[in-house]
Amino acid sequence: MKSLIPLLKTSALLHLAIVCMLVLYITVPGIEASELFVNGDEARHAMTGVYFRDLIHDFPITSPKEYTFRYYAHYPALGLIHWPPLFHMAEGVFFAVFGISVVTARLCVIAFSLLLAVYFYRLVRDLFDAPTACLASILLICTAAVVSYARVVMLEIPSLALCVVSIFQFNRYLSGRGQRYAVRAAATLALAALTRQHALLLVPLFITLALILGQARILLRREVLLSGLAAMAVVVPYYAYTFQLHGQSVANDALSGARGHEFLMSTRNLTYYLEMIPKQAGWIVPSLAAVSIVVALARKCRASRVFAAWIVVCYVLFTAIAQKDSRYVIYWLPPMCAMAAYGLFATRSIVRLRRPAAVGLVGVAVLSIVGASRIERPYVRGCLEAVQHVASVNGTNPIFFQGELNGSFIFHVRATDTERRSLVLRGSKMIFVTNILNAYGQEQLIGTPEDLFQAFDRNAVRCAVVEDRDILNAPGYEMLINALESDRFQPSATVPIETNVERFADLKLKIYEYKEARAPKDLTVILPMRTLDEGIEVKVE
């Protein structure tokens, strides 16, 4: 066991090699195990990346809006406007270089995971020392939240990575390393804000850090003001445009959420994230961090003030936002891991505790790695098989899909459709329409089988793919099933969903063929959009 301790005292290059190899060890095995399904968002993140890949390829400089509407009519699983575009642009580059696939989408997230590991190590090394940075990085990489979101195509890891890079740059500026770090901090703050809205927490965090470190005047320096204005010039136009088109949804998320205004001042709200921390990081790291912060603050340790402020700002902001989700705890896991590592190393300075502390250091690192390796990767498979079957019988007719896995189905339709001739009609755009979440508003558009037959005739639908269980509690689901079981349709195939996720257990995709399907000519696709001022109407050749 003693032989492992020197590993934490070697060069920074070896430390970085260790943490990067750990990232790959945790993320790469099983990268092909699942299709895209997490939270309903994963497939949309990937599909939005494909959109940018195709946008780069086609370069519709004269009619970008019309191009986007037409693209959405074909593949209605995009997250444009709802999410900032930077990560999806990066994905588009990955898809352009490596091809459109689930693996490519996840490789892009792994690249951001490596960025996170490298800059978190550098930040902790600046504030403490290299051994502490190495252990803190191991702890962070192995937390349940980081392991889970580094394996899927979600915005948590890219956003957190860019936040850490920006904090690293700003801390160096506060440490007197030079004006260039103010510029870099502002630039990476802008990039983070263009990746996810939550990254705007950096603004109050930077102000708080300058105040508590007694460097408030630094905020009025020329390089800070100019860099801040430049970052605003990049970020504000996007956010202004987003709010213009998507303002009500933003207000719902920020002010009322799915639970209502009264939830904000409730005890449940104030303790929500405190209860979520152990689920995302276990008990060891938060407990060590809490003790270490108290001790370090008593010793007037500068680094402890930085990390304590980081935790407090995250807690206050996310508690104030009505929309709650346990995954948002990921934003204050880095300071917790840093302080936990600091506490473990600090005990080694006590002579009587030196040997137990050494054992504890190695034990915590090993237990973290073992625990991370045992976190099961959730998987859902079956949409690709359904797409392949539909392609064999459908021809060029539009395809109807109803169910929670619509994003995954649409992604695989595009991935296998090299000529980009396919068109998918979502039940959540044809039968009913939702304003992002059911709680924000929902409207049923088709109420009878006869109306459904007319919609299928109008849109030249041949194949209909439907989940055999109504996971979404979708309006009109029973009507849809009754219509598909009528003599105007014939069953074509049933594809079982393979999964270890309880929500999708025993789920099947049932594929029907509409006997009266017409040739796909003179099509006009109309998509109601509750998040825009107007719907989308596109003539399809």
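Because the model is predicted, local features need pLDDT of at least 70 and side-chain atom pairs count only at pLDDT 80 or more, while totals for chains, interfaces and linings use all residues. Residues are numbered from 1 along each chain as its sequence is written, and side-chain values use heavy atoms, with hydrogens and water left out.

Start at helix α20, residues 449-458. Helices here are DSSP runs of H or I with at least four residues, strands are runs of E with at least two, and both are numbered from the N terminus. Within α20, Leu452, Phe453, Ala455 and Phe456 are buried; buried means under 20% relative accessible area, exposed means over 50%, and partly exposed lies in between, with a 1.4 Å probe and protein chains only. Viewed down the helix axis, the buried residues of α20 fall within an arc of 160 degrees, so they line one face of the helix. That arc is taken from the directions from the helix axis to the C-beta atoms. An α-helix has 3.6 residues a turn, so residues three or four places apart point the same way.

What do the buried residues of α20 pack against? Their partners are β2 (399-402), α19 (427-430), β6 (463-467), α21 (477-484), β7 (489-496) and β9 (508-514). Contact here means heavy atoms within 4.5 Å.

Strand β6 pairs with β2 in the parallel sense over 4 bridges, two strands being counted as paired if DSSP finds at least two bridges between them. In that pairing, Phe400 stands opposite Ala464. Strand β6 is also joined to β9, antiparallel, by 5 bridges.

Strand β7 contains Phe489. At 3% relative accessibility, Phe489 counts as buried. Apart from neighbours within four places in sequence, Phe489 is in contact with Phe453, Phe456, Ala483, Leu484, Tyr512, Glu513, Tyr514 and Lys515. Phe453 and Phe456 are among the buried residues of α20. Phe489 is 449 residues from Gly40 in sequence, and their C-alpha atoms are 29 Å apart in space.

Ala460 follows α20 and sits in the loop between α20 and β6. Its phi is near 55 degrees, a positive value in a residue other than glycine. At 0% relative accessibility, Ala460 counts as buried. Asp506, in the loop between β8 (498-499) and β9, also has a positive phi, about 60 degrees, although it is not a glycine. At 66% relative accessibility, Asp506 counts as exposed. Asp522 belongs to the loop between β9 and β10 (523-527), and at 76% relative accessibility it counts as exposed. Asp522 and Ala460 are 62 residues apart in sequence and 9.5 Å apart in space, C-alpha to C-alpha.

On a 1 Å grid over the protein atoms alone, a cavity is a set of points where a 1.4 Å probe fits but cannot get out, a pocket is an open set with protein on both sides within 12 Å along at least five of seven lines, and lining residues have an atom within 4 Å of a point. Grid points are joined across faces, edges and corners, and a volume is the space filled by probe spheres set on the points.

The second largest pocket has a volume of about 550 Å³. It is lined by 20 residues, of which Leu189, Val203, Gly228, Ala231 and Met232 are the closest to its centre. Helices α9 (180-193), α10 (202-212) and α11 (222-256) each supply at least two lining residues, and α11 gives the most, with 10. The lining divides into 18 nonpolar, 2 polar and no charged residues. Ala, Val, Leu, Ile, Met, Phe, Trp, Tyr, Cys and Pro count as nonpolar, Asp, Glu, Lys and Arg as charged, and the others, Gly among them, as polar.

There are 3 cavities of 30 Å³ or more, and the largest cavity has a volume of about 60 Å³. Its lining includes Val23, Ser113, Ile141 and Ala150, with α1 (12-27), α5 (102-127) and α7 (144-150) each supplying at least two residues. This lining consists of 8 nonpolar, 2 polar and no charged residues.
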